[in-house]
Amino acid sequence: EDDEEEDNDEEDDEELDVEDVEIDGVQYLTTSTENGEIYKCDEDGEIVEDENGDFVICGYFKNGIANFI
């Protein structure tokens, strides 16, 4: 049997697996609290985009430590 439901590692438009995280009282979204990117989000919890439509990355987690750039 052919499995059509294979997970493609292609970037799906607007589809990012993120979780909420609060750092110093501010809400962010991250791909992983261990070694993931930290995204800026708006009041509605949506990832902020720049003028090019790219998600705004404001930092990253390295070994569970938040680093802002």
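The structure is a predicted model, in which local features need pLDDT of at least 70 and side-chain atom pairs count only at pLDDT 80 or more, while totals for chains, interfaces and linings use all residues. Residues are numbered from 1 along each chain as its sequence is written, and side-chain values use heavy atoms, with hydrogens and water left out.

**View 1. The chain and its strands.** The chain contains 5 strands and 0 helices; helices (H or I, at least four residues) and strands (E, at least two) are DSSP runs, numbered from the N terminus. Read from the N terminus, the order of elements is β-β-β-β-β. Of the 69 residues in the chain, 19% are buried.

**View 2. A patch of negative charge around Asp20.** Glu15, Asp17, Glu19 and Asp20 form a negatively charged patch on the surface. Patches are made of residues with over 30% relative accessible area and no salt bridge, with like charges joined within 9 Å and nonpolar side chains (Val, Leu, Ile, Met, Phe, Trp, Tyr) within 5 Å. A salt bridge is a side-chain nitrogen of Lys or Arg within 4 Å of a carboxyl oxygen of Asp or Glu. Asp and Glu count as negative, and Lys and Arg as positive; His and the chain ends are not counted. Asp20 belongs to strand E1 (residues 19-23) and is classed as exposed because its relative accessible area is 58%.

**View 3. Thr30 and its polar surroundings.** Thr30 is part of strand E2 (residues 26-30), and it counts as buried because its relative accessibility is 0%. A polar atom of the Thr30 side chain lies 2.9 Å from the backbone oxygen of Ser32. The backbone oxygen of Glu37 is likewise placed 2.9 Å from a polar atom of the Thr30 side chain.

**View 4. Val26 and Cys41.** Val26 is another residue of strand E2. With a relative accessibility of 37%, Val26 counts as partly exposed. Val26 and Cys41 are 15 residues apart along the chain, and their C-alpha atoms are separated by 9.5 Å.

View 5. Accessible areas come from the Shrake-Rupley method with a 1.4 Å probe; for residues, only the protein chains shown count as cover. Ile69 is located in the segment after strand E5 (65-68). Ile69 counts as exposed because its relative accessibility is 71%.

Definitions and conventions. Buried < 20%, exposed > 50% of the residue type's maximum accessible area, 1.4 Å probe, protein only. Charge placed at Lys NZ, Arg CZ, Asp CG, Glu CD. Polar contact = N/O pair within 3.5 Å; in protein donor to acceptor, adjacent residues only side chain to side chain.
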